[in-house]
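Hello,

Here is the structure I promised to pass on. Please open it next to this message; my notes follow below.

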Amino acid sequence: MSQGPRSGLAAVSSALLAMSRHLEVRDVLKTIVASARELLDAQYAALGVPDDHGGFAQFVVDGVSDAQWKAIGPLPRQHGILAAMLHEATPERLADVRKDPRFEGWPSAHPDLVDFLGLPIRDGDEVIGALFLANKNCKKPEGSCGFTEEDEELLSILAQHAAIALTNARLYERSRELTIAEERSRLAHELHDAVSQKLFSLRLTAQAAAALVDRDPSRAKGELHQVAVLAAEAADELRAAVVELRPAALDEDGLTATLRTQVQVLDRAHTARVTFAAHNFRALPAAQEEAVLRVAQEALHNALRHSGAAHVDVTLDRRGSGAVLRVTDDGSGFEPKAVRRAGRHLGLVSMRDRTSGVGGTLTVESAPGKGTTIEMEVPGG
């Protein structure tokens, strides 16, 4: 086999592997577009995901700077060649897109496109996107298209795998939405169980204090002191629930800052001392960072609500291209095997699922009276 075909196969393999690494829809779209442009040596590439109103829900480009993209203006509508690819679901290979009768122009800041190759991305009978390339980087005889039939076949293979990657990413995001809904439901139950019990005790204690005020002021004083204690505990439970319900600012602040902020809030809300430290950590892909954050929250929840710990330490360290999260407490500890046999999981199933979902490993070290250490290691991008 000649060097050319081997290089082409390696390039296709690299593109497909790159697409399979990502779980977020936006990351998948960007990877598809960048892979297609590099694979076919084009100046520009774009991918549009249609909405139900004649426009695009998402539109990703490669080869255009951020400043150029901003100057171009709003996302395009489904018209002209784009509409043909979406509605007729057929490939388009043109020597000069501007001379096609369906061409309807573009904004003044739009780059000048000439030769053009476009393909629909299909999931079964449904067209879920349109992928197109423009301005092949090669010498083109007058009036001919730089993109060849072989280019079209190559892009067709890429589009088929792009459909799989995009569908998987959408399923992942829907699954994550369901997980968030489940977590909110769990928090609602915990809020009801913990805070309602505290408030019920608070009410009974206050009634007892009121009954004792006249005949036994000393005992009434003790009951009122207990009212203050119960009220403080109820406030702690509410603050902790609010922290978990508040969406994490991962996109804006990053994992380190988000974890540090949450630990600081929990430290103020609980009597236990909660600390955080990060060493040589560098950013991870979005899916990994979210998994690390959720596992940290679950481990902190266990330590602060169930272990009776006086100190809880959270550390985030770099390990190779990935990272290690460690949550350690000096609480009552437990026997992991006994917990599993009793059908109580303390969130361990959820933590293991989140960890394995991003290709990581989770270890739990605990024993009665010895505290607990939960360690999560995740690979890098």
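Among contacts in the protein chain between residues at least 6 apart in sequence, what percentage join residues at least 24 apart? The figure is 61%. Keep in mind that this is a predicted model.

Overall picture first. The protein chain has 381 residues, and 42% of them are buried. Its secondary structure comes to 10 helices and 10 strands.

Five strands make an open sheet, ordered β6-β7-β8-β10-β9, with mixed pairing. The edges belong to β6 (273-279) and β9 (361-366). Each has a single partner strand, so one side of each lacks a neighbour in the sheet. On average, neighbouring strands here are turned by 10 degrees against each other, direction ignored.

One pairing in detail. β6 runs parallel to β7 (residues 311-319), and seven bridges link the two. Within this part, His279 stands opposite Asp317 of β7.

Two helices pack on the sheet. Helix α8 (residues 286-306) touches β6, β7, β8 (322-329), β9 and β10 (372-378). Its direction makes about 5 degrees with that of β8. Helix α10 (residues 348-357) also packs on the sheet, where it touches β9 and β10. The direction of α10 makes about 150 degrees with that of β9.

Best wishes

Conventions:
Residues are numbered from 1 along each chain as its sequence is written. This is a predicted model: local features need pLDDT of at least 70, side-chain atom pairs count only at pLDDT 80 or more; totals for chains, interfaces and linings use all residues. Side-chain values use heavy atoms; hydrogens and water are left out. Two strands pair if DSSP finds at least two bridges between them. Helices (H or I, at least four residues) and strands (E, at least two) are DSSP runs, numbered from the N terminus. Axes are lines fitted to C-alpha atoms, for helices over the stretch in contact, and angles run from 0 to 180 degrees between N-to-C directions. Contact means heavy atoms within 4.5 Å. Buried means under 20% relative accessible area, exposed over 50%, partly exposed in between (1.4 Å probe, protein chains only).
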